[in-house]
Amino acid sequence: MQRCRLPAGGVVERSQPLPFEFDGAGYEGYAGDTLASALLANGVHLVARSFKYHRPRGILCAGADEPNALVQLGRGARSEPNVRATTQELYAGLWASSQNRWPSLSFDIGAINDAMSRLIPAGFYYKTFMWPPTPKWWLRYEHFIRRAAGMGVTASLPDPDSYEHQYAHCDVLVIGAGPAGLAAARAAAQAGARVILCDENPTLGGSLYGGAATIDGGSASAWLEATTRELVDADVTLLSRTTAFGCYDGNLVGLIERVAEHARVTTATRSSDSAAQLAPVSSWMPRERLWKVRARSVVLATGAHERGIAYANNDLPGTMLAGALRTYIQRYAVRPGTRAVVFANNDQAYATAFALQGAGIEVAAIVDPRCGAALDGVLPLAARERLIPILARSVVTGAHGKLHVTAVDVSPLAGGVVSRIECDLVALSGGWNPAVHLFSQARGRLRYDEALASFVPDHCPVPMTVAGAANGSTDLAKALGEGHTAGLAAARAAGFAPTASLRAPDAAPVASGAPLALWSTPPAVRGAKRFVDWQNDVTVVDVALAAREGYSSVEHLKRYTTLGMGTDQGKISNVVGLALLAGELDRPIASVGTTTFRPPYTPVTLGAFPGHDAGPHVEPSRFSSLHDWHVAHGARFVNAGLWKRPHSYPRTGESPDDAALREARNVRTNVGIVDVSTLGKIELQGRDVAEFLNRVYINRWDTLQVGRCRYGVMLRDDGIVLDDGTTSRLAPSHYLLTTTTVNAARVLQYIESLLQTEWPELDVYTSAVTEQWSAAALAGPRAREVLAQIVDIDVSNAAFPFLAVATCYVRTATGPVPARVFRMSYSGELAYEIHVPADKGRAMWNAASAAGAGAGIMAYGTEAMSTLRIEKGHIVVGAEADGRTTADDLGLGGLVSRAKPCIGSRLSERPALRSSDRWQLVGLITVGNQPMPRAAKIVADPDRAAPNPMLGHVTSWCRSPNLDAWIALALVENGRARHGETLWAVSPLANVRVRVQVGLPCFIDPKGERLRG
Amino acid sequence: MADHHVFAVGATMAGHYGAAESTGITLAETNFAAAWNVQASARAPHVASAARALFGLSLPAVPNTTSRDGALTALWIGPASWLLIATDASALADFETKRDALAAAGGALFDVSAGRVGWTIAGPEAATVLAKGCPLDFHPRAFGAGMCAQSLFGRMNALFYRRGQLSADSTDPSLQQSLQFTMLVARSFERDAWRLLCVSAAQYGYDVLYPRPF
C-alpha cells in the first residue's frame, strides 16, 4: 500500500514492487524509485534530525544537493553512513535507518538543543569550551559535543566489496546528460570526436522527463530517445550513475560510477543475521568504478541547484524545493500532500504549481515577492488562466507545525498584515545557482549576474565550456542551442571539422520574467529560526553574528558558522549565506564572492581510491623464480622492498628463529644454499667502464682482470658511504655490478644520471638485469664438492680461486643451462654464487640441492644470512652504513685508492670526517652470555646521571650459533682504539643493561682462511 | 577484492573464467626464445647499420614504433635503445660475437631473454581491460598497429605492444574488434600483473588460451 502514490504516470515500474525497511518499519516502493521517493510515496516525510538542534527534518531536494535526508544504509560490513536518500536507488531488501536521534526520530531527547539555542550560537565551541584553559577541559567537552552532533556510524568491518579504476581518453567529455549535454554530445560526436557523456542519474535526459516541452516538432521524450540512439550509433561512451566529482590539471576529470549499488541481491539465505549481507548482483562486477578521464575538451552541462529563502521554520518537514517537488510528482508519481503553498521569486516554480494541480493537490496560493511586468511571463500568465491565486508583492514569513508543516504566515513584502494559510506542503524556490563546482575547480572565474541573482561562469583558462542551466540559461531553447554550440566548438578544438548540415535541436523559447533577489524574510515571531544552511543548522542570525564579530570574509564565515560544510557543501545554501553577509556588510554581493570549490563535488567512497590496490595487494609484490620451491619447503617470508624473501625454513615444531640458528650452523659445518636472486644487478658495457668505475668507487678498477670480481664501495658527494657491492669483469668491456636488494633502483638511477649529466663523454652503456638472472649462493666448507658435481668447469682452488668469475654450464635435469659462477663470500665461508637465466632458476636450484644431499645441504633464509654476516663483520647498507658513516668509520679505509679521485673523495678529507672521535665499527660480545638488548646504546657507566654521554650504538646483533654467544656490530666513538675494553650496552626503553666486550668487528676466521681455502 | 569474488580467476590453465557470458576477451601467455637490448649513442652513428647487418632488421628510428621481420621484432624502448625479441632462437644466436661486433661499432648488446614475461590480450574489450591498469590511450587512433610504449600496469612497469603493420590508422570499427595487444612485465611481477589482468577482465568473461608466440 503506497498511500501517496499517484495511480499513473512517472518512470517507476509498477510491475516491480520492492520491499524495503526504514527505521524498523516495512514499506514497499517500485523499481525506479529512490529511497526518498519511496518514503514519500508511503507518506513518510520525517526522515532525519538536524545536526545541531536536532530539529525534525524532511526531504528537501530530489538530487545530490540534499542537506537533510541522510540515512544509515545497510548493516554489518556494508553499512554506510550519510547516504542521501534522494540519490539512493531503491532495491529489494534495502535497509535504512535515520541518524542523529535518540531514542526515536519522532521523539528525540537531543531536541533540547533547539530550546537552548541561545546558549550555543555560531562558533560557540570556539568560545565557551575554551575555558578554563587548564586543565584542558576542551578534551572532555569535545567528547560530548561530538556525540551530540554526530552523523552516521561507519562500518568497522573490512569492506567486502571490490572497486576498480578505469583510465579513459576522449576528445570531448560532456558532463551532464540533460538537454544541453545531450545536444553537445550529439554535435561533437557527429563531427567525429571521441565523446564520453556522463550523468549522475540512472537515466539520461535531466530535466526533460515529464515536461510538456516540444523539441524538433515532437515530444521531449521522443527527442531523447532519438538522440540517445544517435549517440550509441556514433560510439559515444554513455555513463549513467556516474558523477564527475573532480576536475584536475590538464582536463583530468575524476568520475565515480556506481556499477552495482543499485542492483544488490540477497546472496545469503534468509537466516536472522545474514539477511543484511547484500552482495552486488554479479560477483564479477566492482561495486564502484573510479574513472580518470583525460579530455582534450570538456563541456559542462551540470545544470543548476535550486536555493531556498530563509523564513521562520523553513525547515519543517513538508517544505520542499519547488523543482524537487515537481520531480517527485512527475518522475516518481508521488503525491506528497493535499494542499500546497508555492513561495517563489522566479517563473520556473510556477511549473510546480501546475504539476501540483495535475496531481490533484490544491494550490492554496503562489506567494511571489515580484509584481508588475515581472509577472507577465508565460508561466505566471498560465497560472492566472488556471485561476491559481497569486499573492504578488508578498512573502512567506513563517511556517507552523510540530513535526510537519500545517500552515504558513504570509505578509506583504513591505511588511504589514500577516495572514495565515493552512497547508501541508510548501514549494520553495529562491532562484537557481548554476552548478559551477567543476568549472571553479578547473580555475574558472565566476561572475555575479545581477539579473539572474547568481554566480555564473565567466572565463576558464583550460578548454572547458559551459552550457545550459550551468551557464545560467534555464530556458530549454537556449540550453539546447548553447549545448550544440559548445559541442561543435569542443570538437573543433580537438581538430575535427563539424558537418555544416547538423542543426541545433529546435525548441520554442519561453518568455519569462526576471527573478527578484530575495534571501530572507523578516521573522513573524521573534527568535524563530530562519535556516540558511539546513545541514549545518546555520541561520540568518548566525550569519549576522559572524559579521558583527568581524568575520567579513566568506571563507571565515564558512569556518566560523560551518555554513556550506558537510556532505552537501552548501549546494543550496552558500549563495544565500554570502548574500546575507553582503547585506550585513553593506557591500555588493560580487565583492564578497564565493568560497573556494574543491573536489569532490559529492562524497566519494574511500574504497574507490585504492581500487584493486587494497589489502595484501596495496603494493605489488616481487617474487623470485624460486618462490614456489620456498613455499613448498615451508619458508616464512619477509619483505625486502617489494620482494618476498624467505626468512627461514622452520621444520615442524620449530620456531622461525630456531630454524635460522640451525641453518646458520649448518653453513659453517656443511653447506647451505640461499636465494640471492633479489640482489640488484646492473650490466655495464663500453670502452670507458673501468674509468667510470674508478670515478664512482673508492677503489681501483682499471687493474681488474677479465674473469675476476672485486668488492667496491661508493660514496655520496659528501664522502659518506652510499652503497656497496661487487663488480665482475665478464669480458674486456663487459662488467656486472651488484647492489643491495633495496638499493637497486636507486643505484641504477644514480649511475644513469651521472652518465647522462656529468660525464656524457664516457662510452658506457647500462642495462638492469636483476630480472634476467636467478641466483643462488652455495656457502660452507663443502660448497666446492657440491658445485663441482653440477658445473662443467674445474672449480679447484688453483683453477678457480677466491674472487674468480667464469661462464659455464650447469647440468640440470632438463639439460645443461648456461651460467655465470662467482667465487665470492658474504658468510665468510668458502662460497660461490651461481647465476642462471631466471626461467632456469628452478632447474639450477634443484640440481644444486640434489648434488648437495650427501653433503648435508640446507636452504637458508635472510635471518641465517644476517647471522652469518654479523659473525663475519660484513656491513649492511642501512644498518652499519646508515648515511652518517665514512668508509674509514666502517673499517674500509684500506680500500681507498690514492691513485685516483672518486666521487666523495675530496669531501671525505674534511677534518670532521677524519677526527679521532669518529664512531668506528667494532664487534661486541656480551659478558656472561647475556642477551643483547634491542637497539642498544653504548655508554661507559650506566649509572651515571642523565645526560649520560653516549659512546655509540649497536647496529646489528644476533645470537651466534657458532660462537654460542650474543654478538653485535656497533659504531663506537674511537672504537678501534677500544678493543679489549668493557663498556655497557643499555636500552632505556626496555630498562636493560648488559656488559659488553669491545673487539674486532669479525668473530669468525679474521684471517679469511676459510673463504680462500 | 574478496577472495570468493576471484575464485578460479587468476588460474593459468586454459579455459573460460569470470562472468559466464563472454565478450570475446582472450588472454594468452606470450612465448619468445630470446630478447636482447641494443644500445647506441649519438657518438656511434654506425651502430644502426651494424645492427642491420647483424640482425637483418632495421631498428625503428621513431620513438615508440617497432619493426618486424619474420621471427624478429625490434621495439624502440628509449633514446638509442631497442628491444629485439625473437620467437625463434636462431634469429638471435651467438650472443658474444654480436655483442663484440656492436661494441666495435661503439654500441652495446645485453641479453635480457629471461627478464620479462608477457601476455597477449585480444578482443573488443582488450583496450578497456588494459586501461583499468594503465593510463595510456589504447584507442586505435592513438595506439596504432605496430606501436609500443612503456607505462604502468597497476603499479608495475609494463611494455605494451600492438601487433600489426604500422599504418596511418583507420577508424574501421572491425579493426577494433580484432585489437590485439601484448604486455610485457618484469618476471618478478608476473604473479601480480597476471592477477590484475584477470581481475580486470573477469567482469566481461574471458578465455585463457594456450601460449602463443610473441
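This is a predicted model: local features need pLDDT of at least 70, side-chain atom pairs count only at pLDDT 80 or more; totals for chains, interfaces and linings use all residues.
Reader: Into which domains is chain A divided, and which residues belong to domain 3 of chain A?
Author: The domain assignment of chain A gives domain 1 (1-158), domain 2 (163-304 + 434-493), domain 3 (318-427), domain 4 (620-912) and domain 5 (916-1013). Domain 2 is written as two stretches, 163-304 and 434-493. The residues that belong to domain 3 of chain A are 318-427.

Reader: How many residues does each side give to the contact between domain 1 of chain A and domain 3 of chain A?
Author: The C-alpha centres of domain 1 of chain A and domain 3 of chain A are 26 Å apart. On the side of domain 1 of chain A that touches domain 3 of chain A, the largest share, three residues, is supplied by helix H1 (residues 35-41) of chain A, and the residues of this side divide into 13 nonpolar, six polar and two charged. The contact as a whole takes 21 residues from domain 1 of chain A and 17 residues from domain 3 of chain A.

Reader: Is strand E8 of chain A buried or exposed?
Author: Strand E8 covers residues 163-175 of chain A, and 13 of its 13 residues are buried, so the strand is largely enclosed by the rest of the structure. A residue is called buried here if 20 or more other C-beta atoms lie within 10 Å of its own. By that count, strand E8 of chain A is buried.

Reader: Which strands pair with E8(A) in the parallel sense?
Author: Twelve bridges link E8(A) in the parallel sense to strand E17 (residues 288-300) of chain A, where A:Ala295 is the bridge partner of A:Cys170. Four bridges join E8(A), again running parallel, to strand E9 (residues 195-198) of chain A, where A:Leu197 stands opposite A:Val174. The strands that pair with E8(A) in this way include E17(A) and E9(A).

Reader: How many residues are in the largest nonpolar core?
Author: In soluble globular proteins, nonpolar side chains tend to be buried together. The residues with the most contacts inside the largest nonpolar core of this model are A:Val172, A:Val342, A:Ile366, A:Leu778 and B:Leu84. Leaving aside neighbours within four places in sequence, A:Val172 is in contact with residues including A:Ala188, A:Val195, A:Ala295 and A:Val299. The number of residues in this core is 373.

Reader: Which residue just after helix H8 of chain A takes a positive phi?
Author: Helix H8 (residues 348-358) of chain A is mostly covered, with eight of its eleven residues buried, among them A:Tyr350 and A:Leu356. The buried residues of H8(A) pack against helix H7 (322-330), strand E20 (339-344), strand E21 (362-368), helix H9 (378-385) and strand E26 (425-429) of chain A. Just after this helix, a positive phi of about 80 degrees is taken by A:Gly360.

Reader: Why does A:Asn666 count as buried?
Author: A:Asn666 is part of helix H17 (residues 656-669) of chain A and, not counting residues up to four places away in sequence, touches A:Gly672, A:Gly856 and A:Met858. A:Ala864 is 198 residues away from A:Asn666 in sequence, although their C-alpha atoms are 9.7 Å apart in space. A:Asn666 counts as buried because its number of C-beta neighbours inside 10 Å is 20.

Reader: Which element supplies the largest share of the side of chain B that touches chain A?
Author: Chain B has 38 residues in contact with 36 residues of chain A, and by class the side of chain B that touches chain A has 18 nonpolar, twelve polar and eight charged residues. Strand E3 (34-39), helix H2 (95-104), strand E7 (108-111) and helix H5 (190-201) of chain B each supply at least two residues of this side. The largest share, five residues, comes from H5(B).

Terms used. Residues are numbered from 1 along each chain as its sequence is written. Chains are lettered from A and ligands numbered from 1 in the order in which they are written. Domain bounds come from an automatic or database domain assignment. Two residues are in contact if their C-beta atoms, placed from the backbone, lie within 7 Å. Ala, Val, Leu, Ile, Met, Phe, Trp, Tyr, Cys and Pro count as nonpolar, Asp, Glu, Lys and Arg as charged, and the others, Gly among them, as polar. A nonpolar core is a set of buried Ala, Val, Leu, Ile, Met, Phe, Trp, Tyr and Cys residues joined through C-beta atoms within 7 Å. A residue is buried if 20 or more other C-beta atoms lie within 10 Å of its own, exposed if 12 or fewer, and partly exposed in between; C-beta atoms are placed from the backbone. Two strands pair if DSSP finds at least two bridges between them.
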